[in-house]
Amino acid sequence: MTLSSKPGRSFTPLDGAAVAAVVLAGVGVLWSPKLSGAVAKATGGLRPVTVTVDVRGVPSADPTALLKGAESEGKVAIVIRNQPHGSVKLTKIVPLERRLTILTPDGKIVSTPDPNQKTFGTFDGRFVLEGEGRRSAGGVVFGNQTIKIGAPVELEGSNYRFSGTVTDLRMEGS
């Protein structure tokens, strides 16, 4: 006897499980971060975002060559909360100079460049990155991750991997 020949087919637990699987799959597709990012892009919800990341105290034999090599690549891979975001445009790298602040015996405060920075090669720089993101209630969503000032990120190029901290976040039109 075929299924079509049964006049009053009853609803079985197996049918209920199949319906639940289909509903859960539909909910998963609608809540997918990649889909929400695609919807945001299609609806114009994504806007240009400028993210500034400071990297401090990275030991390097030749910090100047490292800076020039990173700038010449023009892009970096960014990792936010151990989740790869992909590549973003590297606008510029501003070298940061370490400074020493000294209190003199007569009560004056003197600030001077750290002489050890040239002797012991350390890389200190401010990476200015550009990408696309959207505003949410919890901050700026950049690479399907909410990012705020103070958030730790990793920047990776062809011959370096830096851990840094977000120090500035600007969104166009806000």
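This report covers the overall fold, a surface patch and an aromatic cluster.

## Basis

The model is predicted: local features need pLDDT of at least 70, side-chain atom pairs count only at pLDDT 80 or more, and totals for chains, interfaces and linings use all residues. Residues are numbered from 1 along each chain as its sequence is written, and side-chain values use heavy atoms, with hydrogens and water left out.

## Overall fold

The protein has 4 helices and 10 strands. Both are DSSP runs, numbered from the N terminus: helices are H or I with at least four residues, strands are E with at least two. Along the sequence the pattern reads α-α-β-α-β-β-β-β-α-β-β-β-β-β.

Of the 174 residues, 28% count as buried. Buried means under 20% relative accessible area, exposed means over 50%, and partly exposed lies in between (1.4 Å probe, protein chains only). The protein exposes about 11200 Å². Carbon and sulfur atoms supply 59% of that area. Areas come from the Shrake-Rupley method with a 1.4 Å probe; for residues, only the protein chains shown count as cover.

Contacts (heavy atoms within 4.5 Å) tell about sequence separation. Among those between residues at least 6 apart in sequence, 66% join residues at least 24 apart.

## Surface patch

Phe11, Val19, Val23 and Val27 form a nonpolar patch on the surface. Together they have about 390 Å² of accessible area. Patch residues have over 30% relative accessible area and no salt bridge; like charges are joined within 9 Å, nonpolar side chains (Val, Leu, Ile, Met, Phe, Trp, Tyr) within 5 Å. A salt bridge puts a side-chain nitrogen of Lys or Arg within 4 Å of a carboxyl oxygen of Asp or Glu.

Val27 sits in helix α1 (residues 13-30). Its relative accessibility is 33%, so Val27 counts as partly exposed.

## Aromatic cluster

Rings of Phe, Tyr and Trp (its six-membered ring) pair if their centres lie within 6.5 Å; planes under 30 degrees apart are stacked, over 60 edge-to-face, the rest tilted. By this rule there are 4 aromatic pairs. In one of them, Phe123 and Phe127 have ring centres 6.2 Å apart and planes at 65°, so the pair is edge-to-face. Phe123 is buried at 3% relative accessibility, and Phe127 is buried at 0%.

Tyr160 and Phe162 have ring centres 4.8 Å apart and planes at 20°, so this pair is stacked. Tyr160 is buried, with a relative accessible area of 7%. Phe162 is buried at 3% relative accessibility. Phe123, Phe127, Tyr160 and Phe162 form one aromatic cluster.
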